[in-house]
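Here is a short report on one model.

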Amino acid sequence: MNYKIKSKQTITIGLIYTFGGSAIFYFLVHPFSMILNRLEDSNISFNFSLLFNIIKSHLYESFTYHMLSMSTSYIVFGGILGFILGLFQIKLSKQRATIEKQENILSRDILKLIEEGESKYVEFKSSLRYDYRQKSTNKELELVILKSIVGFMNAKGGKLIIGVDDDRNILGLENDYISLRQKNKDGFELKIFQLITEYIGSQASFKTNVSFYKFDGKEICLIDVEQSFSPIYLSKGKSEPVFYVRRGNSTYPLSIKDAVEYIQEQKL
């Protein structure tokens, strides 16, 4: 049944564009092309009176019987062009429908992740840099996000969801947006990759994928982190780089000795 409905819709769109193209070329392109040709052939200097007279005479002439062959050519050409545009529109509509369907599926998957709570592979963070306790921007929270990313990379990978608190409440990212120079999700994504590049390394940015989802008017950010097969460290200023790893539903720093042992175990 759905297939038949979609086929009828496709045929309808194709016919509309075909007839629309024919009509535009017959009623607009054809007469105005004649008017332009007449203006070009006229040796009289241009004035509005001349333009009015040419439009008056040739606009009617373009629809007379002796112009039938030319009119037919414009109708056919317009119909072909309209049909081609219709095919593009049908293709674009199908692509939009596919994208929308995929986004709906992904949105349901994200909600399911939130409902199931934190785990070895999923972690929630209320914000990137907004401190809900202090009610102000706290850039130290950015390092907390980076620790989680490093921990996932050094383990089996995982998903970090920003804009959701520990009780699975969707808080959104508006407070973070306000604190950024570019106050939207593009600025938010840019900030994340700047932080990763600065504190973890540019190569680590290739192991993270950032996407956004909206629920009840509130946007959240999903950072999909891939596993790294080489050790990843978090560096802060002149202090020694720290190795973090995900264990259970928490992220822990390891000492140099423990980090070496962990890395060796992962290679086995």
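Helix 4 is largely enclosed by the rest of the structure, because 11 of its 15 residues are buried. Buried means under 20% relative accessible area, exposed means over 50%, and partly exposed lies in between (1.4 Å probe, protein chains only). The buried residues of helix 4 include Glu142, Leu143, Ile145 and Leu146. Helix 4 covers residues 140-154 and reaches 22 Å from its first C-alpha to its last, close to the 21 Å expected. The expected span is 1.5 Å times one less than the number of residues. Helices (H or I, at least four residues) and strands (E, at least two) are DSSP runs, numbered from the N terminus.

This is a predicted model: local features need pLDDT of at least 70, side-chain atom pairs count only at pLDDT 80 or more, and totals for chains, interfaces and linings use all residues. Residues are numbered from 1 along each chain as its sequence is written, and side-chain values use heavy atoms, without hydrogens and water.

Next, the surface. A nonpolar patch there has about 1,000 Å² of accessible area together. Its members include Ile16, Tyr17, Phe77 and Leu85. Patch residues have over 30% relative accessible area and no salt bridge; nonpolar side chains (Val, Leu, Ile, Met, Phe, Trp, Tyr) are joined within 5 Å, like charges within 9 Å. A salt bridge is a side-chain nitrogen of Lys or Arg within 4 Å of a carboxyl oxygen of Asp or Glu. Areas come from the Shrake-Rupley method with a 1.4 Å probe, and for residues only the protein chains shown count as cover. Helix 3 (68-116) gives the largest share of the patch, 9 residues. Helix 1 (2-41) supplies at least two.

| Residue | Relative accessible area | Class |
|---|---|---|
| Leu85 | 46% | partly exposed |
| Phe25 | 14% | buried |
| Arg246 | 3% | buried |

Now the rings. Rings of Phe, Tyr and Trp (its six-membered ring) pair if their centres lie within 6.5 Å; planes under 30 degrees apart are stacked, over 60 edge-to-face, the rest tilted. The count comes to 6 aromatic pairs. Phe25 and Phe77 form an edge-to-face pair, 5.3 Å centre to centre with 65 degrees between the planes. Phe25 lies in helix 1 and Phe77 in helix 3, so the pair ties together parts 52 residues apart in sequence. Tyr177, Phe188 and Phe212 form one aromatic cluster.

Arg246 lies in strand 8 (residues 242-247). A polar contact of 2.5 Å joins its side chain to that of Glu123. Such a contact is a pair of N or O atoms within 3.5 Å; within protein, one must be able to donate a hydrogen and the other to accept it, and residues adjacent in sequence count only if both atoms are side-chain atoms. The backbone oxygen of Asn249 lies 3.2 Å from a polar atom of the Arg246 side chain.
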